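Q: I want to learn to read helix packing, sheets and interfaces from a model. Can we go through one together?

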2 protein chains.
Amino acid sequence: MTGEFELIDRITRGLVARDDVVLSVGDDAAVLALSGHAVVTTDVLIENVHFKRQWSPARAVGRKAVAVNVSDVEAMGARPSAVVVALAFPKDLDQAWVEEFEAGAREECDRAGVSLVGGDLSSSAVIAVCVTAIGDLGGRAAVTRSGALPGDLVAVCGRLGWAAAGLAVLQRGFGSPKDMVAEQQTPTVPYGQGVVASRAGATAMLDVSDGLLADLGHIADSSGVVIDLDTGLFAVPDGVARVAAATGKPGIGFVLAGGEDHALAAAFPAGTDLPEGWVRVGEVKAGDPAVLVDGHAFDGSRGWDHFA
Amino acid sequence: MTGEFELIDRITRGLVARDDVVLSVGDDAAVLALSGHAVVTTDVLIENVHFKRQWSPARAVGRKAVAVNVSDVEAMGARPSAVVVALAFPKDLDQAWVEEFEAGAREECDRAGVSLVGGDLSSSAVIAVCVTAIGDLGGRAAVTRSGALPGDLVAVCGRLGWAAAGLAVLQRGFGSPKDMVAEQQTPTVPYGQGVVASRAGATAMLDVSDGLLADLGHIADSSGVVIDLDTGLFAVPDGVARVAAATGKPGIGFVLAGGEDHALAAAFPAGTDLPEGWVRVGEVKAGDPAVLVDGHAFDGSRGWDHFA
């Protein structure tokens, strides 16, 4: 691609390399000094599949690409260390889009406390973003999806329902509530809370990307347990409630089933004094793997009406 | 994407996780137990930019995606440990293509001795592949591009000119010499030679992806040295010579300037007893950064005629 080296040079100028970066961009690969096991995760974002240019400014796409990957590192109980960002885009794409994308990626790296240590640029018929995030377990074991035990409490940290409410707003051609739309464009990942949860004794954890019910199903399946959520423990945020009212859907539906939030959900031993920011929302029980809502299997065909 | 989980399940069934894999696919992220600093590199392959479906079978694309990334890990003097593979493809793409791609990725992982520990699947208007490779320096320092010193010898390991010769064949609508075409479809990376070179004292190293002259230019620039190649030390492989004769171009041009080979090039202290498989091809000298051929600056405008 013409100008690739110049573009890389401009993008990488002044990059902040944190203490664990031995070698940043500019060589065949980056080098990291990790103090424990390495955590590795990758995600692609494709134009018109994961984002639309008319709905998300380039900066938000750059932020989101970093955020959703670092979120997976958090979900293992690891300290996020670094990301590499590959970007492919049409040759006729406005260069300002690329620069704003990279500015967004760097902004989110700063929020997450990670270093941008490498990447790749290419042309492509559609915009494709691929981020890989590396984390450092620092001597702790990873918090997987399979360690939840009957009797554990279930807790969440971060925002639930916001991104789905934002999507509902955008799909109707509106732009507010703005904080819901912003959450759809870039999730607010509770950075640092993965390590906090691990230190507090979390037995299982994941990040909520497909909706809380669906994702807790992975913990239920992997751990061989039942997870029973108590809707009385959930607060429906004001903005979600407003969108819910406008769309005629129950707010709890957005909270329990809305995707793309990237909150953290975890199980902790009963009696755990939950860290600040974590909210107890249910309990782990023995039984064939399932996620229950107020003790009952959620009946998708009936929708959310009986929770409203 | 409909069927994503089923596809992931089929793709990841029976994956080999090597000794340093603490946790493979199936959680939010993979976990690796590295013994030294971590090396991280990422590359994208885009349909019709990096490969054409009519020129490269899916299996070759899968192999190449892994190979070109692991090659970068080798170039740091690290032991390749693991890769994550993200694949985005059109919804109407034949599922056999995806399965063959993944089979190729796994085949190349076996050749390279790395574990496939994670990935992502998405739909996309064009096929986009993004691989990130992780390496383990195992207590050694990385071999960067900046350590070459005047007096060092320059050596290469692996195939040079083959991929460019294969491309010339394909561009003319032919399919042989088959080994040249195969090299264009999937480079033969000299796996293991990165660590070998590091242990032999390599002062600078990189993998040859843009052509030997261009890539050695990076070592010259980063190290602040002149690299002088001796064309008398290069053997033009038979297949390259045949393609060269058929196209009317000098064989040495393919060897010195052909891209996509993913051989390794390195500098070693003078007098180094080169490891098996490494061939001395030139010398590092003091001076303003430049790459010379037989003591002269290569004149691109005159082409390769004066080397023929």
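Q: Which residues of H4(A) meet H5(A)?
A: Contact is the general idea: two residues touch if their C-beta atoms, placed from the backbone, lie within 7 Å. Helices (H or I, at least four residues) and strands (E, at least two) are DSSP runs, numbered from the N terminus. From H4(A) come Trp162(A), Ala163(A), Ala165(A), Gly166(A), Leu167(A), Val169(A) and Leu170(A). They meet Met180(A), Val181(A), Glu183(A) and Gln184(A) of H5(A). By class, the H4(A)–H5(A) contact has eight nonpolar, two polar and one charged residues. Here Ala, Val, Leu, Ile, Met, Phe, Trp, Tyr, Cys and Pro count as nonpolar, Asp, Glu, Lys and Arg as charged, and the others, Gly among them, as polar.

Q: What should I know about the model and its numbering?
A: This is a predicted model: local features need pLDDT of at least 70, side-chain atom pairs count only at pLDDT 80 or more, and totals for chains, interfaces and linings use all residues. Residues are numbered from 1 along each chain as its sequence is written, while chains are lettered from A and ligands numbered from 1 in the order in which they are written.

Q: At what angle do H4(A) and H5(A) pack?
A: Two packed helices are described by the angle between their axes and the distance between the axes. Axes are lines fitted to C-alpha atoms, for helices over the stretch in contact, and angles run from 0 to 180 degrees between N-to-C directions. Helix H4 (residues 162-171) and helix H5 (residues 178-185) of chain A pack at about 105 degrees, with axes 7 Å apart. H4(A) is therefore roughly perpendicular to H5(A). The cut-offs: under 35 degrees is roughly parallel, over 145 roughly antiparallel, 65 to 115 roughly perpendicular, and the rest oblique.

Q: Into which domains is chain A divided?
A: Domain bounds come from an automatic or database domain assignment. Chain A has domain 1 (4-136) and domain 2 (153-307). Their centres, taken over C-alpha atoms, are 26 Å apart. Domain 1 of chain A puts 20 residues into the contact, and domain 2 of chain A puts in 18 residues. On the domain 1 side, H2 and helix H3 (95-112) of chain A each supply at least two residues. H2(A) gives the most, with 10 residues.

Q: What is the strand order in the six-strand sheet?
A: Strands of a sheet pair through backbone hydrogen bonds, either parallel or antiparallel. Two strands count as paired if DSSP finds at least two bridges between them. The order in this open sheet is E5(A)-E4(A)-E6(A)-E3(A)-E2(B)-E1(B), with mixed pairing. E5 of chain A and strand E1 (21-23) of chain B stand at the edges with a single partner strand each, so one side of each has no neighbour in the sheet. The twist averages 25 degrees from one strand to the next.

Q: How many bridges join E3(A) to E6(A)?
A: Nine, and the two strands run antiparallel. Val40(A) stands opposite Ile134(A) in E6(A). Val40(A) also has a bridge partner in E2(B), Ala30(B). Three bridges join E3(A) to strand E2 (residues 30-32) of chain B, again antiparallel.

Q: Which helices lie across strands of chain A?
A: H2(A) lies across E3, E4 and E6 of chain A, at about 35 degrees to E6(A). H3(A) lies across E4 and E5 of chain A, at about 170 degrees to E4(A).
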